[in-house]
Amino acid sequence: MEEPLYERVSLPDGNRDFPIRLFVRENDAGAEGCPFHWHEALEFYYVVSGGVYLNCGGRQEWLFPGDVGFVRWCVPHRGLAFQDGTKHYIVQFDLNMLRQETELSRQRSYASYLLESLQGAPVFLRQNEALARLFQRLVQEYQEQKPGYELCLKACLYEILALLLRMTPLPAAGREGGASEQSSLEYVRGVLHYLSDSFAQPEAVRLPQVAARFGLSVPYLCRVFRRHTGRTVTGYVNELRCARAVPLLQSGLPLPEVAAQVGLRDANYFSRMFKHTTGKPPSACRLK
């Protein structure tokens, strides 16, 4: 049975009102890690020993002690490989925490502002001492859970997000805010779930069909989807196809069958699409 690409991120300790959760992961070389997946939570990988080879949105690089990996909203990702003695923390942050916080200059929620502004944020953050100190404090507060630790966790996350924003090129000005911004976000969330379920059905993910399903024009769909995800609809479908294809390739399934299972009839076209999307040919995913 196939694992779903979408991960419904639950909150810690059954507390549905708390927007932050933290996991510690310890791995040696040869560990598989989690399958490719995506979710609506922002996510950080903070490495304290060893190394994590992170794939995020088709890019992959090693993270070493003191490094941080940042996974944006709805970006397919996974830890591909580990060094011996690896210990890292995964911090997930629910943007709903910021829906009542207002960006003063444009009077819209900070959740919406972050979705737009962090599109160009760096994924691989190297040896940033200020960032590392914040994650060290966040981990300590989460583990000790002294009175008021929830406030400290939120304070750490606010500072982390502020640092990340200041490392990110400013987005283009002049985009709409307010209610239209919120409604466009809801459309895009629905489209993302639909694509996750339908990417292997070629006819279902053609732009006219997707737009018609949600009662949108094709130009509007393309514009708001790119604004909130930083990618085109077709590019995102290809990311999902590649995410599903990787474990199939690793299992030794013949290339034409892999292509067919992700919705492409032409194995040669699949190979070109896979290399264009991930930067490597399908053969590089075959297990040695």
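The expected span of a helix is taken as 1.5 Å times one less than its number of residues, and helices (H or I, at least four residues) and strands (E, at least two) are DSSP runs numbered from the N terminus. The model here is predicted, so local features need pLDDT of at least 70 and side-chain atom pairs count only at pLDDT 80 or more, while totals for chains, interfaces and linings use all residues. Residues are numbered from 1 along each chain as its sequence is written, and side-chain values use heavy atoms, with hydrogens and water left out.

Let's start with helix 3. It covers residues 149-166, and its 18 residues should span 26 Å; the end C-alpha atoms sit 26 Å apart, which agrees. Buried here means under 20% relative accessible area, with exposed over 50% and partly exposed in between (1.4 Å probe, protein chains only). On that basis, the buried residues of helix 3 are Tyr149, Leu153, Cys156, Leu157, Ile160, Leu161, Leu164 and Leu165.

A few other buried residues, with their values:

| Residue | Relative accessible area |
|---|---|
| Cys56 | 5% |
| Cys74 | 1% |
| Arg78 | 8% |
| Val205 | 11% |

On the cysteine side, a disulfide is a pair of cysteine sulfur atoms within 2.5 Å, and the structure holds zero of them.

Arg78 belongs to strand 6 (residues 77-82). With contact meaning heavy atoms within 4.5 Å, and neighbours within four places in sequence left aside, Arg78 touches Glu32, Gly33, Cys34, Pro35, Phe36, Tyr45, Tyr53, Leu54, Asn55 and Gln250.

Val205 sits in the loop between helix 4 (178-198) and helix 5 (207-213). Skipping residues up to four places away in sequence, Val205 is in contact with Leu195, Ser198, Phe199, Val210, Val237 and Arg241. Val205 is also 8.2 Å from Thr234, C-alpha to C-alpha, with the two 29 residues apart in sequence.

Now for a helix pair. Axes are lines fitted to C-alpha atoms, for helices over the stretch in contact, and angles run from 0 to 180 degrees between N-to-C directions. The axes of helix 7 (residues 233-250) and helix 9 (residues 267-278) come within 10 Å and cross at roughly 105°. Angles of 65 to 115 degrees count as roughly perpendicular (under 35 roughly parallel, over 145 roughly antiparallel, the rest oblique), so helix 7 and helix 9 are roughly perpendicular to each other. Helix 7 brings Asn238, Glu239, Arg241, Cys242, Ala245, Val246 and Leu249 to the contact, and helix 9 brings Phe270, Met273, Phe274, Thr277 and Thr278.
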